[in-house]
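My entries follow in the order in which I looked.

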Amino acid sequence: MFPGDRIDESAYIDSVLDVTGADNSAVQPTDQDFIRELEAWVWHMEEPMVSSAPFAMWMVMRLARRQVTVTLDGQAGDELLAGYDHYPYVLLRQLLRERRYAEFAREAWLLRDIVSPLVRRRLRERGQRVDVAGMLAPSFCRGRKPPADDRVADDLKRRLLQDFRVYSLPPLLRYEDRASMAHSLEARLPFLDQELVDYILTLPRSAIIHNGWTRAIVRQALHGVLPRKVEARRKKIGFTTPEFRWYRRQRAVLQSLMRSPSFRARPYWKAAAIAENFRRACAGEIEESMFFWRAVNAEVWLRVYIDSATRALDNDSYQGGFVRRGDRATARKVAGGEALLEGARLNWGRHLFLEDRGRIWARLPLRSSLIKPGDDLLEAISASLERLRSDGIDVADGDILLVSEKALAISQGRSYPINEIAVSRTARVLSRYVSHEPTGVGLAHPTTMQLAIDEAGAPRIMLAAAAAAVTKPLGMRGVFYRVAGHGVNAIDGPSSLNLPPYDTWATKSPLDPAGAALHIAADVRRRTERRVAVAIIDANDMAAEVFASVGIDAKSVLAMVADNPLGQSDEQTPFGLVRRVAPTEVAAPAPEPVPVGA
């Protein structure tokens, strides 16, 4: 079950339980479970999968094995009796081909609630198509023909037979077998009883879809037996997970994989194009293509079966082990890599190593005590670097120190409990028209809107709101913040993602981040006798912004934090140290000069 998600089927389950009085056992997989067990699941499946939907089966099999040793499963029912939503579309095309226009009109009208969403989605995605060929390496495609798709689109019975024998059911049976056997469970499939299959294959088309009802013969046979809610159900949901919604929630972890040196080195794809298109898909700019999952799946599979020739799983395999596995492979190939990996305390799901334009960066999150208003940020940074040193990693010339703009702002006393902010009527009104950001409330909270008014002035904020109201319907984004000014964009509101007490505080942008960066760089040099670059950043799982930098260009900083290695929840890592590392077979790059002053 997936409470709150549109594919959750709890209501139908409850209606069956009310009628039958059967015992109920439920499992609620999450996106964190998915990432945590990805390596173990891929290892047990043995081959890359077309989608991540079978993870639901994996979790159900585990739950079932705690109580039974044999299960009855419904595989093949949809392929035999046209359960999936695309089959009515095939029927309608068949009726048009056969010129049975009256029947077409009747069925099209009765099936409109099933077919219309499918048609609208295909029309919508037509302008958002992902160029899959453009994400594949030319050297890999050379001499290979694109895969042929000979699935019938205008003959229902032939299409069902194709899906039963070739396309849909065979991979599902393999997933079922692997998932059940991984948990020492025997899965039996009543719909694959030979006599039943033979009988269904002889049925006329009208027994499959008739008068707007799919699986018509089953509905008729079980009339009065099934709860009315189930019998009259129109929308088919497969044995699946909220796939792309999970990917979107875990976009930082998946971006970390896509930007890792291991992923970038594969000869099959253009890794940078995949990472960028995945970012765009998560932002809703292009279609939610399953190609992204297939690339992720292939990478994890390659790490497990090819790079490591894994013979058995370990505890890490059930704790996001693919990340550590990828980092270990890179650590062996770069100077000082293994020492960095040994001393690193990484945030959840993030790789230590990231590659950008041929450069490999090691990113080390630095834990800190909780920053409070009035704290000495220089002392906090020094303490974090000292903890890193105790883990065996010293600051070196040319390192880049990342500093969260929020930590800087808090230390400057620019963060306030929301119950201490006097909110004007203007702020209350304007905040109602602001959409919540996926990573927080943005200016949708009256207190954050009040801070924006305090920073930019009410006239400018009202002008920005008016400009946004005019341009948003035209597809123009970001107009409000361009008019309101840079400081408004950086205002953070109360969020459950923040550590207490800042889950109920609002924070303005920091003062003079450029001066702060210079001051920090000089202080680190004074304490460590090392020249480091400094970047003041605002990063979350969706995007990043460089407020100021010294000794490093903003473009490079944005690339090295594209997967938000410092995290955005309870990690308590407001600082980070980044080091460029070189492959062991070539000389290490000379440190770039860092103009930080005396």
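**Aromatic pairs.** I searched the whole structure and found 22 aromatic pairs; rings of Phe, Tyr and Trp (its six-membered ring) pair if their centres lie within 6.5 Å, and planes under 30 degrees apart count as stacked, over 60 as edge-to-face and the rest as tilted. I looked up Tyr84 and Tyr87: the ring centres are 6.2 Å apart and the planes stand at 35°, so this pair is tilted. Both Tyr84 and Tyr87 are buried (under 20% relative accessible area, with exposed over 50% and partly exposed in between, for a 1.4 Å probe and protein chains only).

**Source notes.** The model is predicted: local features need pLDDT of at least 70, side-chain atom pairs count only at pLDDT 80 or more, and totals for chains, interfaces and linings use all residues. Residues are numbered from 1 along each chain as its sequence is written, and side-chain values use heavy atoms, with hydrogens and water left out.

**Charges over rings.** I noted Arg112, whose charged end sits over the ring of Trp109 at 3.7 Å from its centre. The charged end of Arg151 sits over the ring of Tyr167, 5.6 Å from its centre. The criterion is NZ of Lys or CZ of Arg within 6 Å of the ring centre and within 35 degrees of the ring normal.

**Cluster and cores.** One aromatic cluster includes Phe34, Trp41, Phe292 and Trp293. Which residues touch the most other members of the largest nonpolar core? Of its 74 residues, they are Phe34, Leu38, Trp41, Ile274, Phe292 and Trp293. A core here is a set of buried Ala, Val, Leu, Ile, Met, Phe, Trp, Tyr and Cys residues joined through side-chain atoms within 4.5 Å. Helix α19 (residues 291-307) gives the largest share of this core, 8 residues. Leaving aside neighbours within four places in sequence, I found Leu38 in contact (heavy atoms within 4.5 Å) with Trp293, Val296, Val300 and Phe322. A second, separate core of 42 residues includes Leu352, Ile371, Leu378 and Leu385.

**The sheet.** I traced an open, mixed sheet of 6 strands in the order β5-β6-β12-β7-β10-β11. Strands are DSSP runs of E, at least two residues, and helices are runs of H or I, at least four, numbered from the N terminus; two strands pair if DSSP finds at least two bridges between them. β5 (353-356) and β11 (544-550) each have a single partner strand, so one side of each is left without a neighbour in the sheet. β7 (residues 400-404) and β12 (residues 575-581) pair in the antiparallel sense over 4 bridges, and Val403 has Phe575 in β12 as its bridge partner.
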